[in-house]
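Trainee: I would like to learn how to read contacts and charges in a protein structure, step by step. Could we go through one together?

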Amino acid sequence: MEKFITLKSKAIPLNIENVDTDQIIPARFLKATDRKGFGDNVFRDWRYHKDGSVNTDFILNNSKYSGSILVAGDNFGCGSSREHAAWAITDFGFKVVVSSFFADIFKGNALNNGLLPVQVSAEFLKKLLEQVTAHPETELVVDLQNQTILVEHSDLSENFEIDAYKKTCMINGYDDIDYLVNNKSLIEAFEAQRMH
(Lines give C-alpha, C1' and ligand atoms only; values in the text may rest on other atoms or scores of the structure.)
Protein backbone atom coordinates (compact mmCIF):
# COMPACT_ATOMS: atom_id res chain seq x y z
CA MET A 1 0.00 0.00 0.00
CA GLU A 2 0.98 3.60 -0.49
CA LYS A 3 2.13 5.45 2.65
CA PHE A 4 -0.34 8.02 3.98
CA ILE A 5 0.98 10.77 6.23
CA THR A 6 -0.50 14.10 5.13
CA LEU A 7 -2.74 14.91 2.19
CA LYS A 8 -3.53 18.38 0.89
CA SER A 9 -6.19 18.36 -1.81
CA LYS A 10 -9.34 19.89 -3.16
CA ALA A 11 -12.49 17.92 -2.40
CA ILE A 12 -15.65 16.74 -4.09
CA PRO A 13 -18.84 17.27 -2.06
CA LEU A 14 -21.30 14.36 -2.23
CA ASN A 15 -24.08 15.75 -0.07
CA ILE A 16 -26.12 12.54 0.06
CA GLU A 17 -26.84 10.53 3.21
CA ASN A 18 -27.02 6.73 3.53
CA VAL A 19 -24.86 6.01 0.49
CA ASP A 20 -24.76 2.23 0.37
CA THR A 21 -22.21 -0.06 -1.21
CA ASP A 22 -24.56 -0.93 -4.10
CA GLN A 23 -24.68 2.75 -5.02
CA ILE A 24 -20.90 2.98 -4.72
CA ILE A 25 -20.35 -0.03 -7.00
CA PRO A 26 -23.46 -1.77 -8.38
CA ALA A 27 -23.57 -5.56 -8.03
CA ARG A 28 -23.47 -6.18 -11.79
CA PHE A 29 -19.85 -4.96 -11.85
CA LEU A 30 -18.55 -7.37 -9.18
CA LYS A 31 -17.47 -10.18 -11.49
CA ALA A 32 -13.77 -9.28 -11.48
CA THR A 33 -11.48 -10.17 -8.61
CA ASP A 34 -8.67 -7.82 -9.60
CA ARG A 35 -8.88 -4.42 -7.88
CA LYS A 36 -8.12 -2.50 -11.07
CA GLY A 37 -10.85 -0.99 -13.20
CA PHE A 38 -13.55 -0.68 -10.55
CA GLY A 39 -13.16 3.12 -10.54
CA ASP A 40 -14.70 3.21 -14.02
CA ASN A 41 -18.00 2.15 -12.47
CA VAL A 42 -17.94 3.95 -9.11
CA PHE A 43 -21.37 5.55 -8.57
CA ARG A 44 -22.24 4.20 -12.02
CA ASP A 45 -26.01 4.60 -11.76
CA TRP A 46 -25.63 8.19 -10.60
CA ARG A 47 -22.86 9.18 -13.04
CA TYR A 48 -24.67 7.83 -16.11
CA HIS A 49 -28.25 7.69 -17.35
CA LYS A 50 -29.78 4.32 -18.29
CA ASP A 51 -28.92 4.99 -21.96
CA GLY A 52 -25.23 5.34 -21.04
CA SER A 53 -25.08 9.12 -21.46
CA VAL A 54 -23.31 11.18 -18.82
CA ASN A 55 -25.50 12.63 -16.06
CA THR A 56 -24.17 16.19 -16.05
CA ASP A 57 -26.15 16.96 -12.86
CA PHE A 58 -24.14 14.49 -10.77
CA ILE A 59 -21.32 16.10 -8.75
CA LEU A 60 -18.56 13.74 -9.95
CA ASN A 61 -19.31 14.87 -13.50
CA ASN A 62 -19.06 18.56 -12.61
CA SER A 63 -15.67 19.82 -13.82
CA LYS A 64 -15.70 22.62 -11.20
CA TYR A 65 -14.94 19.99 -8.56
CA SER A 66 -11.82 17.84 -8.35
CA GLY A 67 -9.48 16.32 -5.81
CA SER A 68 -8.68 13.12 -3.97
CA ILE A 69 -10.98 13.79 -0.99
CA LEU A 70 -14.66 12.83 -1.07
CA VAL A 71 -16.81 14.71 1.46
CA ALA A 72 -19.97 12.64 1.83
CA GLY A 73 -23.17 12.77 3.84
CA ASP A 74 -23.89 10.83 7.02
CA ASN A 75 -23.84 7.00 7.13
CA PHE A 76 -21.49 6.35 4.22
CA GLY A 77 -20.82 2.78 3.08
CA CYS A 78 -23.88 1.12 4.59
CA GLY A 79 -25.46 -1.96 3.02
CA SER A 80 -23.58 -5.07 1.97
CA SER A 81 -20.05 -5.91 3.03
CA ARG A 82 -18.49 -5.80 -0.45
CA GLU A 83 -14.81 -4.86 -0.37
CA HIS A 84 -15.21 -3.77 -3.99
CA ALA A 85 -16.73 -0.49 -2.73
CA ALA A 86 -13.38 0.54 -1.22
CA TRP A 87 -11.57 -0.72 -4.35
CA ALA A 88 -13.83 1.39 -6.60
CA ILE A 89 -13.36 4.57 -4.57
CA THR A 90 -9.56 4.24 -4.46
CA ASP A 91 -9.35 3.19 -8.12
CA PHE A 92 -11.28 6.35 -9.04
CA GLY A 93 -8.55 8.34 -7.28
CA PHE A 94 -9.88 9.13 -3.82
CA LYS A 95 -7.51 8.74 -0.87
CA VAL A 96 -9.86 10.06 1.85
CA VAL A 97 -13.61 9.91 2.49
CA VAL A 98 -15.04 12.29 5.08
CA SER A 99 -18.41 11.60 6.75
CA SER A 100 -20.07 11.93 10.13
CA PHE A 101 -20.61 8.14 10.25
CA PHE A 102 -19.26 5.10 8.42
CA ALA A 103 -20.67 1.60 8.39
CA ASP A 104 -18.20 -0.59 10.35
CA ILE A 105 -17.49 -3.10 7.58
CA PHE A 106 -16.94 -0.38 5.00
CA LYS A 107 -14.60 1.43 7.42
CA GLY A 108 -12.55 -1.75 7.90
CA ASN A 109 -12.44 -2.45 4.16
CA ALA A 110 -11.37 1.14 3.47
CA LEU A 111 -8.51 1.00 5.99
CA ASN A 112 -7.38 -2.39 4.64
CA ASN A 113 -7.17 -0.89 1.14
CA GLY A 114 -5.36 2.37 1.86
CA LEU A 115 -8.47 4.56 1.89
CA LEU A 116 -8.68 6.79 4.98
CA PRO A 117 -12.20 7.19 6.41
CA VAL A 118 -12.24 10.44 8.40
CA GLN A 119 -15.20 10.56 10.77
CA VAL A 120 -16.11 14.07 11.90
CA SER A 121 -18.96 15.62 13.86
CA ALA A 122 -22.23 16.36 12.08
CA GLU A 123 -21.67 20.09 12.68
CA PHE A 124 -18.19 20.04 11.14
CA LEU A 125 -19.40 17.97 8.18
CA LYS A 126 -22.21 20.46 7.49
CA LYS A 127 -19.73 23.37 7.46
CA LEU A 128 -17.31 21.40 5.29
CA LEU A 129 -19.98 20.52 2.72
CA GLU A 130 -21.13 24.14 2.60
CA GLN A 131 -17.57 25.45 2.19
CA VAL A 132 -16.51 22.98 -0.52
CA THR A 133 -19.80 23.28 -2.43
CA ALA A 134 -19.68 27.09 -2.48
CA HIS A 135 -15.93 27.29 -3.10
CA PRO A 136 -14.67 24.38 -5.27
CA GLU A 137 -11.10 25.70 -5.05
CA THR A 138 -11.06 25.05 -1.27
CA GLU A 139 -8.18 22.86 -0.16
CA LEU A 140 -8.38 20.50 2.78
CA VAL A 141 -5.43 19.18 4.75
CA VAL A 142 -5.71 15.73 6.32
CA ASP A 143 -2.89 15.03 8.76
CA LEU A 144 -2.96 11.39 9.82
CA GLN A 145 -0.04 11.69 12.25
CA ASN A 146 -1.85 14.38 14.26
CA GLN A 147 -5.34 13.07 13.38
CA THR A 148 -6.61 16.44 12.16
CA ILE A 149 -8.57 17.68 9.18
CA LEU A 150 -8.66 21.37 8.35
CA VAL A 151 -9.75 23.80 5.71
CA GLU A 152 -6.68 25.63 4.41
CA HIS A 153 -6.58 29.38 5.26
CA SER A 154 -9.44 29.16 7.78
CA ASP A 155 -10.05 28.31 11.42
CA LEU A 156 -12.22 25.34 10.44
CA SER A 157 -10.57 22.19 11.78
CA GLU A 158 -11.36 19.06 13.76
CA ASN A 159 -9.62 16.04 15.22
CA PHE A 160 -10.63 12.53 14.22
CA GLU A 161 -10.20 9.09 15.78
CA ILE A 162 -8.49 6.11 14.17
CA ASP A 163 -7.47 2.69 15.44
CA ALA A 164 -3.79 2.92 16.51
CA TYR A 165 -2.83 -0.26 14.62
CA LYS A 166 -4.50 0.90 11.38
CA LYS A 167 -2.86 4.31 11.77
CA THR A 168 0.57 2.65 12.00
CA CYS A 169 -0.21 0.52 8.94
CA MET A 170 -1.35 3.50 6.84
CA ILE A 171 1.57 5.74 7.81
CA ASN A 172 4.03 2.97 6.88
CA GLY A 173 2.14 1.69 3.84
CA TYR A 174 1.65 -1.74 5.42
CA ASP A 175 -1.08 -4.25 4.93
CA ASP A 176 -1.54 -6.84 7.71
CA ILE A 177 1.13 -9.17 6.25
CA ASP A 178 3.65 -6.34 5.78
CA TYR A 179 3.11 -5.37 9.42
CA LEU A 180 3.88 -8.92 10.61
CA VAL A 181 6.92 -9.26 8.35
CA ASN A 182 8.23 -5.90 9.56
CA ASN A 183 7.96 -7.13 13.16
CA LYS A 184 9.52 -10.54 12.49
CA SER A 185 12.51 -9.97 14.79
CA LEU A 186 10.22 -8.88 17.66
CA ILE A 187 8.01 -11.92 17.13
CA GLU A 188 11.02 -14.25 17.06
CA ALA A 189 12.43 -12.67 20.25
CA PHE A 190 9.06 -13.05 21.98
CA GLU A 191 8.79 -16.70 20.92
CA ALA A 192 12.37 -17.40 22.04
CA GLN A 193 11.64 -15.89 25.44
CA ARG A 194 8.51 -18.02 25.82
CA MET A 195 10.56 -21.18 25.20
CA HIS A 196 12.73 -20.57 28.27
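Predicted model: local features only at pLDDT ≥ 70, side-chain atom pairs only at ≥ 80, totals over all residues.

Trainee: Is T21 buried or exposed?

Mentor: A residue is called buried when its relative accessible area is under 20%, exposed when it is over 50%, and partly exposed in between (1.4 Å probe, protein chains only). T21 has a relative accessibility of 2%, so it counts as buried.

Trainee: Where does T21 lie, and which residues does T21 touch?

Mentor: Helices (H or I, at least four residues) and strands (E, at least two) are DSSP runs, numbered from the N terminus, and T21 belongs to helix α1, residues 21-24. Contact means heavy atoms within 4.5 Å; setting aside residues up to four places away in sequence, T21 touches G77, C78, G79, S80, R82 and A85. A polar contact is a pair of N or O atoms within 3.5 Å, where within protein one must be able to donate a hydrogen and the other to accept it, and residues adjacent in sequence count only if both atoms are side-chain atoms. The side chains of T21 and S80 make such a polar contact, at 2.8 Å.

Trainee: How many salt bridges does the structure hold?

Mentor: A salt bridge is a side-chain nitrogen of Lys or Arg within 4 Å of a carboxyl oxygen of Asp or Glu, and the structure holds six. One of them joins the side chains of R82 and D22 (2.9 Å, N to O). This pair links distant parts of the chain, since R82 is in the loop between β2 (69-72) and α3 (84-92) and D22 is in helix α1, 60 residues apart. R82 is buried, at 16% relative accessible area, whereas D22 is partly exposed, at 38%.

Trainee: How far apart are the closest N and O atoms of K126 and E130?

Mentor: In that salt bridge they are 3.0 Å apart. K126 and E130 are four residues apart in helix α5 (residues 122-134), which means that about one helical turn separates them. K126 is exposed, with 53% relative accessibility, and E130 is partly exposed, with 45%.

Conventions. Residues numbered from 1 in each chain as written. Heavy atoms only, no water.
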